[in-house]
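Please keep the sequence and the model in view while reading.

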Amino acid sequence: MEQNKEMTASESLQLITETFNKNRKDILRGSAKYFLLWGALLTAVSLVIYLLWHNTGKPQWNFLWFAMPAIGYPLAALMGKYKTVQPQNEVSKMLSYVWSVFGAFAVTLSAIAITLVPMHVTLIIVIIMGLAECMSGVLLKNWAIIIAGFLLGIGGAVFAMTVMGEAQLLFFTLGGLLLLVTGLIMKLQYK
Amino acid sequence: MFPKLDPLLHSELRLAVMSILAGVDEADFTYLKKQTGATSGNLSVQIDKLTNTGYITVEKGFKGKMPRTTCKITAAGQEAFSKYVEALKEYFK
């Protein structure tokens, strides 16, 4: 790119539009890696807990959920450490806020349910997870993600109230796969 | 009569830098270099010009042990950029 090139009004407008669009695409494609990371982690952790609970009959394996933030946050920090710092635009910031709020609710409610007030954690988490996924779809203007989030929340709530025991965990596996698909959609949408 | 375009923004590289910074909180030098495809020397000169006019601010720091230069658009820069885009639109009316 040359600094002194004479530009017409049309070329200037084109340059602004192209730079703006390319920048937006690159930022949102960069955000996709976090959906892939958390999606893979949720799928793996839920499957591991399901298998352990199923084979031993001990629901105490649910404590392994706390391994998810313990592994996920350092990994997320590491992913951004060695690359060019990706700037944030309004959409990527909002996505980050939505999922941070979800994470805070999920971890805090789980801790309260274990230590203070017993509650149906699966039901609550699956609903707010569906809501967070839906909001992500709204921010990304992607109907497939909106519908998938809606189905996850509503379907998960029905599933959580009708299926008992370790089988409930399989809905989180589905949620993890949904996050993976969301990451892949973002990679493709902002290619 | 067409409005006069801000000469500081009516330059390919400076306009590209401003277009990037207008849509983000801040961006570092490496990112701007990657997005514009400019050379480090050329980009530095244009960033200096934008800084001297008060359109952007530059902050030097470290990311780990690596030096990091972060650029951010100012309120004056946002206004100048908006005015530039509005002036451009007049050319197509």
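Is B:Cys71 buried or exposed? B:Cys71 is buried, with a relative accessible area of 0%; buried means under 20% relative accessible area, exposed over 50%, and partly exposed in between, with a 1.4 Å probe and protein chains only. A:Cys134 is likewise buried, at a relative accessible area of 16%. A disulfide is a covalent bond between the sulfur atoms of two cysteines. Here a disulfide is taken as a pair of cysteine sulfur atoms within 2.5 Å, and by this rule the count over all chains is zero.

This is a predicted model, in which local features need pLDDT of at least 70 and side-chain atom pairs count only at pLDDT 80 or more, while totals for chains, interfaces and linings use all residues. Residues are numbered from 1 along each chain as its sequence is written, chains are lettered from A and ligands numbered from 1 in the order in which they are written, and side-chain values use heavy atoms, leaving out hydrogens and water.

In chain A, attention turns to two helices. Helices (H or I, at least four residues) and strands (E, at least two) are DSSP runs, numbered from the N terminus. The axes of helix H1 (residues 9-56) of chain A and helix H6 (residues 169-189) of chain A come within 7 Å and cross at roughly 160°; axes are lines fitted to C-alpha atoms over the stretch in contact, with angles from 0 to 180 degrees between N-to-C directions. H1(A) is therefore roughly antiparallel to H6(A), a term for angles over 145 degrees. By class, their contact has 19 nonpolar, nine polar and two charged residues. Asp, Glu, Lys and Arg count as charged, Ala, Val, Leu, Ile, Met, Phe, Trp, Tyr, Cys and Pro as nonpolar, and the others, Gly among them, as polar.

Strand E1 (residues 27-28) of chain B and strand E3 (residues 66-73) of chain B pair over two bridges, and B:Asp28 stands opposite B:Thr70 in E3(B). Strand E2 (residues 56-63) of chain B pairs with E3(B) over eight bridges. In that pairing, B:Glu59 stands opposite B:Thr70.

Note on methods:
Parallel < 35°, antiparallel > 145°, perpendicular 65-115°, else oblique. Pairing = 2+ DSSP bridges.
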